[in-house]
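Subject: Structure for your files

Hello,

Please find the structure below. Notes on what was found in it follow.

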Amino acid sequence: MIEASFISYISLAILLFSIGIMGLISRKNIFIIYMSIELMLNAINIIFVTLSKYFGSMDGQIIAMMVMAIAASEAAIFLSLIVAMYRLKHSVNIDDFNTLKQKDTL
Amino acid sequence: MDIGLLSFIIFLPLIVSFILLVLPVGMKITRNIAFVTTIIVFLLSLSIFFKFQLTDYMQFREFHPWISSYGIYYSLGVDGFSMIILMLITTLIPLGYLFLWKTKKSKGYWASMLLIQTGVTGALLSLDLVLFYFFWESMLLPVFMIIGIYGTGNRIFSTLKITIYTIMGSLFMLVSILYLGVAFYNEFGVWSFQLSDLVQITTLSNFERTLLFFGFMIAFAIKIPLFPFHTWLMQTYSNSPTGGVFILSAIMAKLGIYGIVRFVLPLFPHQYVEFAPYFVGLGVFGLIYFGIAALMQQNIKRMFAYSSASHLAFITAGIFSLNAYGMTGAAFLIVAHAMATGGLFLLTGTIEYDLGIRSISGLGGIAKKAPFLTVAFALMLLCIVGLPGTNGFVSELLIIFGLFEYNHYVGVISALTVLVAASFMFWLFQRAILVKTDNDVSKMKDLDIKEIVGIFGLAAVIIAMGLYPHWFLYKIEPTIQHYLVDILKVGIGS
Amino acid sequence: MNSSLLAWIILIPFISSFVLGALYLYSISIKKINDTIFTFLAILAPITSFLIGVAFFLSLKNGATDYMYEPYTWLGVNGYIISMGFLGDKLSIFMVLFVTFIGSTIHVYAAGYMKGDEGYGKFFSYFNLFMASMLLLVLANSPIIMFIGWEGVGLCSYLLIGFYFTEPLNVVAGNKAFIVNRVGDLGFIIGLVIMFFYVGKLGFDYYALEDYISLVPTSILTIIGIALFVGAMGKSAQIPLYVWLPDAMAGPTPVSALIHAATMVTAGVYMVARFHFLYDLIPHVGEFMAYIGAFSALFAAIIAMRQTDIKKILAYSTISQLGYMFIAVGLGAYSTGLFHVFTHAFFKALLFMGAGAVIIAVGHEQNIFKMGGLRKKLPLVYSVMLIATLAISGIPPFSGFFSKDEILLKAYRHHEYLIYGIGLFTAALTAYYMFRLFFVTFHGKNYKQKEMHYLSWSMKAPLLVLAFGATVAGFVGLPEVFSQTNLIDEWLKAYSGGALHVEHTTEIMFMGISVVVGLAGIVVAYVKYFKYDFNKEIQESGIVYNKFYIDEVYHFIFVRGIQKLSRFISVDVDDGVIDKAVMSLCGGFINMGRRIGRMQCANTRVYAFFMLLGISSFSLYLILKLG
């Protein structure tokens with residue numbers, strides 16, 4: 001039944017990834033967006049691990065570990081950035097940070 | 001690596017300009033050194049004139065690899081046609097300096113003027129199409145600076161308009177050049193952008209050649225400018241400072257004509273002959289159209305812009321007349337018109353400097369205050385009008401001959417040139433210079449000694465060329481016969 | 001004689017002009033120079049040229065062949081060479097003689113007339129430049145070199161009409177003269193170009209043209225002939241290009257005398273005579289020319305009858321007399337036409353100089369009805385004016401009689417009875433309007449002039465010389481009935497158009513008719529104006545006084561029309577259509593940029609969506625491509 005479980009793992013990953021994308025696109029709260037990104041990363045991790053198992057190679061698992069490690073360090077930077085941004089604008093709404101937008105067109 | 005005479009002529013101003021910009025020297029020293037540089041360049045080109053041999057091939061060749069992997073060479077040379085334009089440029093620029101002497105008090109201005117000289121002589125002398133394109137575009141940059149920084153009125157708009165307009169035209173030319181290069185590579189298996197190589201291409205179809213022909217022609221037509229690509233000219237001329245408009249009218253516009261003769265003619269001889277009727281028609285039409293439009297202009301520079309456009313259209317008709325009269329006349333009119341119109345713009349610049357007025361209705365009664373200026377103005381004006389005894393007459397007569405040989409009716413219509421320029425020029429002279437009006441012109445000063453030397457030197461050349469044109473013309477005769485007989489294969493005319 | 005002296009005839013006035021011009025500029029901007037120096041330098045030039053001309057004349061008279069001098073190749077294109085060359089044949093030396101002679105006398109006169117003028121040096125510089133150009137025109141050996149002189153005299157005319165250039169009217173008159181002349185030159189240059197292409201390639205000097213002109217088909221010759229005649233119309237002020245000459249009177253009077261009466265305006269006649277080999281082949285064009293001449297003569301005479309400005313009357317009379325000359329040359333009687341050129345130069349120059357003296361004397365008044373009774377106050381001017389007026393009216397034995405009578409006779413002999421009739425009628429009108437001028441100016445009563453201005457000797461002496469000339473000049477062309485040899489016809493044998501033998505009785509009868517007609521005109525003028533009273537102000541008006549409104553019509557059609565066209569082109573077409581098209585192309589790019597710029601909406605989710613879209617489509621592509 002390895003085939004069936006393979007398909008369900010991949011399906012889970014796709015589901016998680018889609019949820020992450022939907023969250024990324026539709027939500028305004030920076031935390032939710034961050035969580036959606038993490039969700040997508042983890043969906044990719046699941047695929048790595050699944051394929052690693054499927055091909056009988058350890059490479060995928062190593063990469064999954066690396067992704068988790070990077071995600072952790074990224075989380076530290078990201079959260080501190082959010083804190084800094086909150087201090088600036090007193091808001092966690094992503095639409096408040098469009099300072100690079102050109103105000104008046106040509 | 002030995003440095004040839006032509007390279008020296010091209011790059012001396014550039015080097016001097018960089019040195020002057022880097023060193024902490026003042027405006028006066030910059031100006032004086034720049035002037036001396038142009039004099040040296042003039043003397044060098046004079047030696048070229050005298051060493052020039054009566055043949056039809058390129059002389060003073062220089063040939064060095066530049067970007068050899070793509071067959072782009074640093075390749076220079078002079079033939080009869082470019083030689084007289086070289087003489088023209090190197091003579092006019094120092095004379096122009098004498099007039100600009102007092103008007104501009106900025107170091108950058110003089111450095112830019114030197115850079116322009118490098119650009120125009122480079123474009124004039126290069127025989128490699130990529131090198132030509134390089135100089136062709138680079139001469140625009142100093143002009144951009146001069147108009148944008150030192151201009152008047154809506155100068156930013158004008159400078160953008162001329163730059164974008166001409167660069168847009170040049171892009172068509174660039175595409176055509178690359179296309180030719182690729183075609184050469186496909187046929188011969190090596191890269192080359194040499195003019196002498198590219199003319200050997202045989203694989204291009206007639207349709208491709210026609211497209212490429214127009215690619216080049218658009219670039220040159222915008223620069224000249226031909227109808228209907230002329231509208232940048234009027235705005236640019238009226239807003240640019242004296243030096244800028246002097247360079248633009250006397251030299252750069254002429255390079256457009258030169259480009260047609262140097263590149264379009266040998267590269268697309270078949271198309272050149274095939275489309276000659278349209279360009280002759282366009283030229284004669286432009287002559288009358290611009291001439292009439294000039295009549296009611298209120299701004300002197302704008303009027304001269306239309307006047308220049310009128311004459312340049314006439315020159316274009318001349319070079320497309322496909323016979324020795326028209327071509328020789330066009331070459332001569334390039335020189336004659338550059339001198340006269342350059343002189344007129346310089347004199348107008350003096351008036352503008354003293355009075356700050358450019359509209360005709362704001363002037364009047366200058367003749368009493370400035371007799372030397374009036375005499376000089378009159379001489380230049382007579383050359384524009386084509387009065388016998390000036391070189392303007394000789395060239396216009398030859399072009400009329402050429403056009404008459406080309407087509408009798410066109411020839412007769414083109415004879416209207418004797419009437420067109422006279423009508424607005426004399427009216428201008430009456431209103432702006434002669435007749436006393438209520439306007440206050442008490443601040444008008446006469447020419448100083450430097451300006452008198454400059455402008456009357458120019459006038460002397462104009463008259464000498466009018467009374468003894470043969471001495472100036474016989475050196476370009478072989479070149480023009482070469483164009484007509486060997487390249488266009490139309491014969492030199494009956 | 002060395003033929004290179006031909007060049008010096010031209011060069012001397014030219015150098016003089018140059019030196020005078022330079023000295024004048026020096027004088028007004030640096031240090032004042034005494035007028036005597038200018039006078040000396042100025043008068044020396046035409047006299048020297050005259051003397052050289054006399055030497056050539058004597059040499060030719062003693063049977064020397066034509067002199068030809070070609071110092072250098074002027075232009076050589078395509079193997080065809082046009083030389084800067086001068087030709088001293090009987091015709092050109094004849095012209096040189098009378099141009100330099102009249103020129104010298106008018107120089108002397110002008111020295112008095114312009115005395116104390118601010119632009120004294122400038123005046124003589126222009127004057128000598130004119131002399132040089134006129135002599136170049138006359139001595140040139142090819143049409144192109146002639147054209148250099150042709151335009152040169154036009155330029156000098158422009159400069160001298162607008163001599164007092166601060167006054168708008170003068171400059172406008174100068175411009176008008178130049179532009180109208182340029183219309184003529186347009187014709188000239190077209191004729192020149194056509195001629196070059198059909199015969200000029202075999203050689204472009206008069207000899208070669210004369211030899212080969214018969215190779216050209218008549219239709220082309222007709223076009224050339226008419227085109228050249230248009231040039232002559234402009235320069236010699238014939239219908240329809242005569243309008244500039246009356247306005248040209250704005251110039252100082254010596255200018256009117258020299259340029260606009262004696263020499264430059266006759267250049268057209270000279271040109272036709274010079275191209276006699278061409279016009280001989282196309283008699284129908286000649287006939288056309290004669291009719292134009294006749295109508296110009298009549299038309300100008302009618303206008304002159306009502307004018308009040310003394311110089312304008314003389315200007316119209318010049319147009320009228322030039323018409324006579326064109327009758328002659330049109331009918332192939334070139335030497336007769338040139339004979340009238342010759343006599344006319346004397347009496348018309350004299351009339352202008354007399355008029356100038358009058359104008360000076362009464363303090364720059366030109367309206368004849370505001371002067372009068374000058375006979376007592378200016379006896380010398382009175383007598384010379386009488387001679388000149390009699391000469392122009394065709395009363396024997398004064399010069400005008402012989403030349404005019406010969407023209408009329410030639411017209412009759414060519415069976416051009418209409419032209420003859422017009423000529424005769426015009427002769428009556430001429431006598432009438434000239435004596436109207438004369439009587440009103442010199443005989444009217446009650447003229448109250450406070451003080452008369454003094455006339456210097458340098459003004460009086462030339463009057464005497466020319467009065468002598470106006471009296472005797474006619475004797476060089478005596479009709480057959482009086483003398484066996486007509487000197488003019490003898491000298492210009494090649495241009496006499498074949499001898500026309502006339503019965504002596506007929507000839508005398510025609511003379512009688514001419515004299516009677518002239519006297520009739522004088523009598524009418526006498527009745528009407530001899531007892532003219534200054535107090536009874538005469539105000540001329542009507543269509544004739546207003547010159548048939550031709551100037552206004554021209555102004556409306558040409559000047560206004562072209563100005564409107566110009567405004568239309570520069571404002572409506574250039575700015576309104578072409579520049580708008582260019583700028584809207586430019587605007588199109590800007591709009592496009594603005595639209596694309598809107599995608600940068602600063603909304604993170606939209607960016608993310610685009611990213612998703614991009615990645616998905618790229619992935620899809622990869623999947624489809626790689627399978």
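**Chain contacts and the B–C interface**

Of the 2 pairs of chains in contact, B and C share the most contacts, a contact being heavy atoms within 4.5 Å. Chain A and chain B are joined by no contact, and their closest C-alpha atoms lie 15 Å apart.

This is a predicted model, in which local features need pLDDT of at least 70 and side-chain atom pairs count only at pLDDT 80 or more, while totals for chains, interfaces and linings use all residues. Residues are numbered from 1 along each chain as its sequence is written, chains are lettered from A and ligands numbered from 1 in the order in which they are written, and side-chain values use heavy atoms, with hydrogens and water left out.

Between chains C and B, 55 residues of chain C touch 63 residues of chain B. The two chains bury about 5,400 Å², 73% of it on carbon and sulfur atoms; buried area is the accessible area (1.4 Å probe) that two parts lose on being put together, summed over both. C:Trp74, C:Asn78 and C:Arg182 supply 12% of the area that chain C buries against chain B, more than any other three residues.

There are 4 salt bridges between chain C and chain B (side-chain nitrogen of Lys or Arg within 4 Å of a carboxyl oxygen of Asp or Glu). B:Lys368 and C:Glu118 form a salt bridge through their side chains, at 3.4 Å from N to O.

On the side of chain C that touches chain B, two or more residues each come from helix H1 (5-29), strand E1 (67-77), strand E2 (80-88), helix H5 (143-161), H6 and H23 of chain C. Helices (H or I, at least four residues) and strands (E, at least two) are DSSP runs, numbered from the N terminus. H6(C) gives the largest share of that side, 17 residues.

**The second largest pocket**

The second largest pocket has a volume of about 1,200 Å³, the volume being the space filled by probe spheres set on grid points joined across faces, edges and corners. A pocket is an open set of points on a 1 Å grid over the protein atoms alone, where a 1.4 Å probe fits, with protein on both sides within 12 Å along at least five of seven lines; lining residues have an atom within 4 Å of a point.

Its lining has 28 residues, with B:Ser423, C:Ile179, C:Phe558, C:Val559 and C:Ile562 nearest the centre. H23(C) supplies the largest share of the lining, 7 residues.

Regards
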